[in-house]
Amino acid sequence: MRGKGLSRAVVACAMGTVLVACTALTGVGDLLVDPDAPDASEAAAPPPTTTGTGTSPPPPPPPEDGGLPLVDATVVDACSASGCEVLPDGFELVALGAPSSDADCPTGFAPLLDGVENPTLDPGACTCGCNLTQPPTCTVPAGGSITLLYGPVGSGSCTSTGQAVPTGCSTEGFHGPFIEYDRNYVAPTATRTGGNCTASASKDNSKLKTTSVRVCQATVIPQCDGKTCAPQVAPYETCVASQGARACPAEWPTRHRVGASASFTCGSGCTCSVEGQCSTSGTLRYFASTNCSGTAGLTYPVGGCNPTQAQATTYGSHRYDPNPPTNTSCKTGGTSAPGTPALAQELTVCCK
């Protein structure tokens, strides 16, 4: 006989001179009765208290209606057993235990799911990180000035004060011709501007802890007078199961949430800020054009007393370019809280 889902039951009773067995199975699934099949008193099946280690058949595919997978379930007479009751509507008889190195289930049960339960997270499951997507730059405001200090060629001493050089692209100030000197251009400290960092949260799946479990679905269902008699399947537990997350019936109060696997997500709470230091160093460039376009014809380092050669050309404009910032990075901030772990293909398993 084949279970067909979680929502219907078909009652079939074998009647003779004396009522021998009743195959009503409420909540286990539809039971299709073969008119040529032997009744419960004639069925040659293992007694309901038997456990075993024989190789169980491979698990059948899941049904299209979202219930537990279809199994070939044989109903047997169990009127000599005790503890018989009507199964809760929507639940099927299963055995729950720890997986072993083989794929065995108790006798009368077939593998349904080797999965996990009790997912928990250790601290540090989610951590924040940053990625520098655009570096910052260093700028000086237009209208400022660069101080020129100079001295004799080769002296390494720039103590005389020359004409100040405007910052930004400018046509103001001295543009040549240049006499050979040791020159030291002293610029104002540049300001860091721009730059962008992208924040992200990283999962550490090693922080997810679970307990491994095995669920086996009944292929032999002991019954008496319309009730199911739960077999002894030690070291497994006899339980009932339903697809999805639901409450357990009062008669089967111990709830296990079981899934094929567990996972979690990290919340959005990470922040980033751009870091970097600007200095007073850079390059002073002179151009033939009056708008600092084209290739610079003359360059002077800014910062330090350096020898410079004579230059007979007179230029049309100049521009000071600060050096890029150093020690650029992204400073990580905020926190990312992990979400509650979720179970894939969740089953609710209820035990005594």
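Q: How far apart are the sulfur atoms of C126 and C266?
A: In this predicted model, C126 and C266 are joined as a disulfide. C126 belongs to strand β7, whereas C266 sits in the loop between β20 and β21, so the pair links distant parts of the chain, 140 residues apart. The distance between their sulfur atoms is 2.0 Å.

Q: Which handedness does the disulfide of C126 and C266 have?
A: Handedness is read here from the torsion about the S-S bond, which is about -85° for C126 and C266. The disulfide is therefore left-handed.

Q: Is C266 buried or partly exposed?
A: Buried residues have under 20% relative accessible area, and exposed ones over 50%. C126, at 12%, is buried. C266 has a relative accessible area of 22%, so C266 is partly exposed.

Q: Which residue does a disulfide join to C197?
A: C197 lies in strand β14, and its partner lies in strand β26, 133 residues apart. The sulfur atoms are 1.8 Å from each other. The partner of C197 is C330.

Q: Is C330 buried or exposed?
A: The cut-off for buried is under 20% relative accessible area. C330 has a relative accessible area of 18%, so C330 is buried.

Q: How many disulfides does a search of the whole structure find?
A: The links of C126 to C266 and of C197 to C330 are disulfides. The search of the whole structure gives a total of eleven.

Conventions: Residues numbered from 1 in each chain as written. Predicted model: local features only at pLDDT ≥ 70, side-chain atom pairs only at ≥ 80, totals over all residues. Heavy atoms only, no water. Disulfide = S-S within 2.5 Å. Helix = DSSP H or I, 4+ residues; strand = E, 2+ residues; numbered from the N terminus. Buried < 20%, exposed > 50% of the residue type's maximum accessible area, 1.4 Å probe, protein only.
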